[in-house]
Amino acid sequence: MSSSTDVHESTINIVAVDTRIKGTICFADVTRVHGTLEGEVLAAPGSHLILVETAVVRGNIQADTILIDGFVEGDVVATQKVHVSGTG
């Protein structure tokens, strides 16, 4: 049995190490980035963006919740929360 707050594997996006995506990146739900994003990153309401230590984002980010352990070159806008770790 699942509730409406459960995160299902099919709702998680993963950008792997050594993967580079260029352009306007739009996502919903949860996105975990290990690779590189170049361009504007836009998230749907209720979304979470997780940038691990190997992540690189060159562009502006808009999401509800953003966790930064990696590198960001651009503006970061969160409607709920931004958490920057010691490595971010």
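Let me begin with contacts, meaning heavy atoms within 4.5 Å: among those in the chain with a separation of 6 or more, residues 24 or more positions apart account for 2%. What we have here is a predicted model, in which local features need pLDDT of at least 70 and side-chain atom pairs count only at pLDDT 80 or more, while totals for chains, interfaces and linings use all residues. Residues are numbered from 1 along each chain as its sequence is written, and side-chain values use heavy atoms, with hydrogens and water left out.

The chain has eleven strands and zero helices, where strands are DSSP runs of E of at least two residues, helices are runs of H or I of at least four, and both are numbered from the N terminus. Of its 88 residues, 33% count as buried, that is, under 20% relative accessible area with a 1.4 Å probe and protein chains only, exposed being over 50% and partly exposed in between.

Turning to charged pairs, the count comes to two salt bridges, each a side-chain nitrogen of Lys or Arg within 4 Å of a carboxyl oxygen of Asp or Glu. Arginine 20 meets glutamate 38 at 3.4 Å, N to O, and because arginine 20 lies in strand β2 and glutamate 38 in strand β5, this pair ties together parts 18 residues apart in sequence. Glutamate 38 also forms a salt bridge with lysine 22, with the closest N and O atoms 3.8 Å apart, so that shared partners join Arg20, Lys22 and Glu38 into one network.

Finally, serine 47, in the loop between β6 and β7, counts as buried because its relative accessibility is 0%.
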